[in-house]
Amino acid sequence: MTDGDGFLLTLTCADHPGIVHAVSGFLVSQGCDIIDSQQFGDRESGRFFLRIHFSPTNGVATAATTQALRAAFSPVAAAHGMKWELHAAAERPRLLIMVSRFGHCLNDLLYSRRAGTLRIDIPVIVSNHTDFAGLAASYGIPFEHVPVTAATKAEAEARLLALVEEHRIDLVVLARYMQILSEDLCKRLDGRAINIHHSFLPSFKGAKPYHQAHARGVKLVGATAHYVTPDLDEGPIIEQEVIRADHTFSPEDLVTAGRDAECLALARAVRWHVERRVLLNGARTVVFR
């Protein structure tokens, strides 16, 4: 059986005895087999987190079966105060990718999709510039140019939300999209938008952060992938990547290393999110790898 077979159940609730027993008992009652199970009880927050990959005995996951399992599990979830989701593992989440003028993260995600290592659909790519219209076309993906100025920001964000609705988007990925989203838009996309940025913040802000870092002789280059919140670049962290540097690195070498780190961190964060491996724990995340 592959990772794309069966169902994925994720949940979080206040930690108390009997949660695993209730869930496993439910699965037994539905004639299901557990393929993989991961759990974590956070003593600090008092929350319990669970991800179970399971299959029906007939091995077939249909839309009707998914709905029936959701309906049957609802009373169990209500009894334990669970926040939960149940999906067919074969579902391909629908991503809207946003980009500006640096295309390394976009290209990496597009290649991973084509190679089959990232099971997603990408109905549309959005940019405030036209630089990557050709790249999108080479992958057969519609490209939407939505220019942004101070005067048109509200209109641009309204267009973005319209695209999210029109294409039934599950996750928005800011793959080096160099515009600050409004507080209202961040709230509308809460828990379903991921951003990537270099990890020199807050030490090196503004223009040419890699040149600033080079001037200070930094020995680590990093990137952080996190959920988008109204607090700029401070959302719950999903993944971070670090690459060592030394005295031989020029500012351009640091930029190259930084782009590699960004691609790696963002790709992992997106993959873990679409595989239902990331659960929010307040301002932090639980990631079942």
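## Strands 2 and 3

Strand 2 and strand 3 (residues 47–56) pair in the antiparallel sense over 10 bridges; two strands count as paired if DSSP finds at least two bridges between them. Strands (E, at least two residues) and helices (H or I, at least four) are DSSP runs, numbered from the N terminus. Within this pairing, isoleucine 34 stands opposite phenylalanine 54 of strand 3.

A word on the source: this is a predicted model, in which local features need pLDDT of at least 70 and side-chain atom pairs count only at pLDDT 80 or more, while totals for chains, interfaces and linings use all residues. Residues are numbered from 1 along each chain as its sequence is written, and side-chain values use heavy atoms, with hydrogens and water left out.

## The sheet and its helices

The order 2-3-1-4 describes an open sheet of four strands with antiparallel pairing. Its edges are strand 2 (32–42) and strand 4 (83–88), each of which pairs on one side only. On average, neighbouring strands of this sheet are turned by 10 degrees against each other, direction ignored.

Helix 1 (residues 19–29) packs on the sheet and touches strand 1 (7–14), strand 2 and strand 3, where contact means heavy atoms within 4.5 Å. The direction of helix 1 makes about 15 degrees with that of strand 3. Helix 2 (residues 63–79) lies across strand 1, strand 2, strand 3 and strand 4, and runs at about 160 degrees to strand 4. Axes are lines fitted to C-alpha atoms, for helices over the stretch in contact, and angles run from 0 to 180 degrees between N-to-C directions.

## The largest pocket

The largest pocket has a volume of about 720 Å³. (A pocket is an open set of points on a 1 Å grid over the protein atoms alone, where a 1.4 Å probe fits, with protein on both sides within 12 Å along at least five of seven lines; lining residues have an atom within 4 Å of a point. Points are joined across faces, edges and corners, and the volume is the space filled by probe spheres set on them.)

Of its 32 lining residues, Arg176, Met178, His197, His198 and Asp233 lie nearest the centre. Strand 9 (193–198) supplies at least two lining residues, as do helix 7 (209–215) and helix 8 (251–274); the largest share, four residues, comes from strand 9.

## The second largest pocket

Here the volume is about 580 Å³. Lys83, Glu85, Gly191, Val278 and Leu279 are the closest to the centre among the 23 lining residues. Strand 12 gives the most to this lining, with four residues.
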